[in-house]
Amino acid sequence: MKARHRLPLLLAPALLALASCDIPATGVVEAGGPASGMTPVATVYFVQRGALVAAPRITDRPGNAETAMELLLEGPNGAEASAGYTTEIPVRPTRAPAAATDSVEPSAVPPDTPTVNVTGDRLSIQLPADMGGLSHLATQQLICTAAAVQRISDPSATPSEAYVTDGQGRRTEGSAEDCPQVG
């Protein structure tokens, strides 16, 4: 091998040794979970000072309307309550999270969870038998939460009509057009 070819081979280890001077060795740094892209979030609507506010909630099923309804029925979490968020909807006890699937069969939805259907430009919410007589603000919480989930699962769909049918069969009309956005 010629001298001009040997010189770079001899200099490479020396340069690497010099480049690593004064750099301390570290072990594993615990800084949370692994990188995974965007955090899956569902928007749930609560009340603050008499107005609707959008609250992002982490969930393993962000595009599932029944999951969003369950989150809404649990009421504000600790941080949301500290920020002054309340609800007009009767709060339900927290259940264990449902298994992650792409869709929920009607028989898999707990009987005390509202069901959501979107047909064309119509959004309809059916409340369980024990839920009735909700205020206008409570109805809007349901409509805005369901519409936010619909925007995740089908961004091109924009329901212009919304109906909430309570457990006694009374139907209330509403609109998702005035729902506040996540800010």
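Predicted model: local features only at pLDDT ≥ 70, side-chain atom pairs only at ≥ 80, totals over all residues.
Because the torsion about the S-S bond of Cys144 and Cys179 is about -85°, the disulfide is left-handed. Cys144 belongs to helix 4 (residues 136–153), whereas Cys179 sits in the segment after strand 6 (171–174), so the pair ties together parts that are 35 residues apart in sequence.

Thr67 is found in helix 2, which covers residues 65–73. With a relative accessible area of 10%, Thr67 counts as buried, because the cut-off for that term is under 20%. Leaving aside residues up to four places away in sequence, Thr67 touches Thr59 and Arg61, and the side chain of Arg61 makes a polar contact with the side chain of Thr67 at 3.4 Å.

The two atom pairs described above are set out here.

| Pair | Kind | Distance |
|---|---|---|
| Thr67 and Arg61 | polar contact, side chain to side chain | 3.4 Å |

As for the protein as a whole, there are four helices and six strands, which follow the pattern α-β-β-α-α-β-β-α-β-β when read along the sequence. Of the 183 residues, 34% are buried, and the accessible surface comes to about 11,300 Å², with 57% of that area belonging to carbon and sulfur atoms. Among contacts with a separation of 6 or more, 61% are between residues 24 or more positions apart.

How values were computed. Residues numbered from 1 in each chain as written. Heavy atoms only, no water. Disulfide = S-S within 2.5 Å. Helix = DSSP H or I, 4+ residues; strand = E, 2+ residues; numbered from the N terminus. Buried < 20%, exposed > 50% of the residue type's maximum accessible area, 1.4 Å probe, protein only. Polar contact = N/O pair within 3.5 Å; in protein donor to acceptor, adjacent residues only side chain to side chain. Contact = heavy atoms within 4.5 Å. Areas by Shrake-Rupley, 256 points an atom, 1.4 Å probe, with all protein chains shown as cover.
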